[in-house]
Amino acid sequence: MNHTQTNPPKPVIEAIDLSKRYGDGSLALDALNLAVRPGEIYCLLGARDAGKTSALHLFLGLTSPTAGRARVGGVDVAADPREARRRLAYVMENVAFYDTLTAMENLEFFAQLGGRWRVDAGELAMAMRSVGLPERAFRLRVRHFTDGMRQKLGFAAALVKEAPAWLLDDPLAGLDPQATAELVDLLREVRQSGKAILLATQDLFQARELADVVGILKEGRMVLTTTRADLRYTDLEATYLDYMRGGFSSLVEAMA
Amino acid sequence: MKLRALGRLDGAPWRGVAALTARELGELWESFRFRAVLAVIVLVMTISAALNAAHHHAEAGARPEILERYAEEIADATVGSLADVPHPAIKPPWRLAFLAEGQQRQTPNVYRQALSAWEVPVFESRHRGDERRHETEPLDWTFVIRTVLSLAAFLLGYDAVCGPRQRRLLELTLAQAVERWQVLAAKLIAIWSCLAVPFVCGASLSLATLALFGLRLTGGELVKVTLVGALGLGAAVLFVAVALVVSARIREANRSLTALALVWVAAVVVIPAASGLVTPLIRPLPGEAGDGGVLAPEETSDWRPPEWAAEDDYALERESARVHNRQFEAAESERRRRVEAQLGQAALTRWLASVSPMHLVQESAERLAGSGQARDRRFVAEAWAFREVLAAHVRGLDRGDPESPHVEFFSRYLSSRPAEAEAVPRFTFDEISWAAGLRLAAVPLAVLVVLTLVATAAAFLSFERFDVRGAP
């Protein structure tokens, strides 16, 4: 008997009734439940301030939950945030690096902070090649990088970290089509390698193109979860807009 | 189990702090801010050493003039005339003015007193230079610590937390396998190092400059220099911690800089100035209430020639001397009370100013160096005590003359034998030792340590609670 067929792999990224209310009283996240398994891209779709970044920050331990639990690779983030972060790679919109360092130096520094104290230059160069950075950029100070090159370097840093889980906060926003296409291809390869990816985005097309599971967040609440298979029969754009406007027609459609 | 332990060792906290510190240092060392701080501190400390050494030599040159004039005055003196000679007590030029000048150039440094009841003792300021010239802030190590180091700490640290937050670099850093305390510790160490390196360089150049100018320090003086240097490095921790608290509490770099600039102006300029204005209101000087007429008894013209006075064993003169001496003592007591009141007022001003940590540092440094009000107070006490030494000497000489009427201290009725000039006691000032300075500084130092611990704890607490959200 094939064991994996009966028991799906354990989730790498998992939220159980995860809630966050900030000091000013605003509810950023309300009882979020999600699970991202190895080789899966889970797309958190929502408008600005829907709670996507708050959810990612809770997984990173950058903020503590009001209720519920976040787990990464089986590690409870609240109990051991450092160990949880060791298992997470994080790429955000407009990735920032040290401008005075070269791309290579930045990668080495963040690899060390990520827990990899010995990384050879060949591995760093390989990561930069994988994301499509030109060779001349390897030893160039990051202050001379374009936005697209910075984002690519962010993905290279995630590759070097060799973390089993990736958290992506709208990392392709504002990039030119070519860079976007290259990074989308990269994400597919990363999924192929068995990483669990939680992608927060506002981009419906990216979600349709990449996601294995799509969760729509509205004002901190997960209002819909749908799979890649379901998406074939659903107009994601119409469904999303319906939820954003507060309608229920798409819910009925989706249920049907 | 073993593997888990090795994993922990591999990611030992010190390793993360070291990597982060190296990075922070790299950022700061490449910045214009650090280079400017380095240049200013090293230049100010070196120039201060050169100026203070030159000034010391000039002041030291004035001392022999006073002593030579005094030697001439007592060269042919009789025992009796010694009572009329104003004997100078000189506070020597302050050798450690480069370290903590402590207003030694503004406070009186000569005290002239005669034993006669008709001579009014006076404290004088006999310093080189034009008295009308506006005295500026003395350039010394305490100036550098109080003013330059604090400003430099604020300039280097104002954006330490909020800067990377705005650039979203903090979010990426904290998303790695590091603890928040490691990140803040690295920032604290890096900024402190960027203050410590210029300060130590400046101190070394300062000492080298002093040696070049021929001012060789004794062992005790070197201990004082070390103590004040250590105080400067400790104070830098406090200043950096304050900058980090503000940078973590105020989430935007330009607002953080503005807040720190206001803190600096208040602590360095406003609080000391306000304390100077408030003190006379709290503790006015007795003389300011319109009290006068306690200078000295007027010299009487009712003295009889000695041969007449001898007929009744100087009964009239003894009675007159008793009255005049009593008047003198009352007047002297009033004068001393005024001086004590002035010293008390100055001390109160200092304590009020010590609300500012920068001035608490100044106070601690002056006490450690044996300068400031402690030296001034000691000079006054020793100068007053010197009167007893002089009186004992003249009395001893007078008692040795059987022909003297022994009417103290009226020159006509004391011994007319010549006094041996070399035997007349000279005033020597006993400087405050480093151990005594350390004892004097114990309280302000303890307060500084507490403040530093509180500020550091506040910085870590603020950073632990720091919300990385809200980047543009």
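Trainee: Which domains is chain A divided into?
Mentor: Domain 1 covers 1–87 + 164–223, and domain 2 covers 100–162. Those bounds come from an automatic or database domain assignment. This is a predicted model, where local features need pLDDT of at least 70 and side-chain atom pairs count only at pLDDT 80 or more, while totals for chains, interfaces and linings use all residues. Residues are numbered from 1 along each chain as its sequence is written, and chains are lettered from A and ligands numbered from 1 in the order in which they are written.

Trainee: How far apart are the C-alpha centres of the two domains of chain A?
Mentor: The centres of domain 1 and domain 2 of chain A are 23 Å apart.

Trainee: And how many residues are in contact there?
Mentor: In chain A, 10 residues of domain 1 are in contact with 12 residues of domain 2 (C-beta atoms, placed from the backbone, within 7 Å). On the domain 1 side, helix 7 (residues 177–192) of chain A gives the largest share, 4 residues. Helices (H or I, at least four residues) and strands (E, at least two) are DSSP runs, numbered from the N terminus.

Trainee: What kinds of residues does domain 1 of chain A put on that side?
Mentor: 6 nonpolar, 1 polar and 3 charged. Here Ala, Val, Leu, Ile, Met, Phe, Trp, Tyr, Cys and Pro count as nonpolar, Asp, Glu, Lys and Arg as charged, and the others, Gly among them, as polar.

Trainee: Back to the whole chain. How many helices and strands does chain A have?
Mentor: Chain A has 11 helices and 10 strands. Its radius of gyration, taken over C-alpha atoms, is 18 Å, close to the 18 Å of the globule rule for 256 residues (2.2 Å times the number of residues to the power 0.38), so chain A is as compact as a globular protein of that length.

Trainee: What share of chain A is buried?
Mentor: 48% of the 256 residues in chain A. Buried means that 20 or more other C-beta atoms, placed from the backbone, lie within 10 Å of the residue's own; exposed means 12 or fewer, and partly exposed is in between.

Trainee: New topic. What is the strand order in the open sheet of chain A?
Mentor: The order is 6-7-8-3-9-10, with mixed pairing; two strands pair if DSSP finds at least two bridges between them. Strand 6 (88–92) and strand 10 (221–227) of chain A each have a single partner strand, so one side of each has no neighbour in the sheet.

Trainee: Do strands 3 and 8 of chain A run parallel or antiparallel?
Mentor: Strand 3 (residues 40–46) and strand 8 (residues 196–201) of chain A run parallel, joined by 6 bridges. Glu40(A) stands opposite Ala196(A) in strand 8.

Trainee: Which strands does helix 10 of chain A touch?
Mentor: Helix 10 (residues 236–245) of chain A packs on the sheet and touches strand 3, strand 9 and strand 10.

Trainee: What about strands 1 and 2 of chain A: parallel or antiparallel?
Mentor: Strand 1 (residues 13–21) and strand 2 (residues 27–36) of chain A pair in the antiparallel sense over 6 bridges. Leu18(A) stands opposite Leu32(A) in strand 2. In their hairpin, with 5 residues between the strands, Gly25(A) has a positive phi near 95°.

Trainee: Last one. How many residues of chain B are in contact with chain A?
Mentor: 23 residues of chain B, against 20 residues of chain A. Helix 2 of chain B gives the largest share of the chain B side, 6 residues. That side divides into 8 nonpolar, 5 polar and 10 charged residues.

Conventions:
Two residues are in contact if their C-beta atoms, placed from the backbone, lie within 7 Å. Axes are lines fitted to C-alpha atoms, for helices over the stretch in contact, and angles run from 0 to 180 degrees between N-to-C directions.
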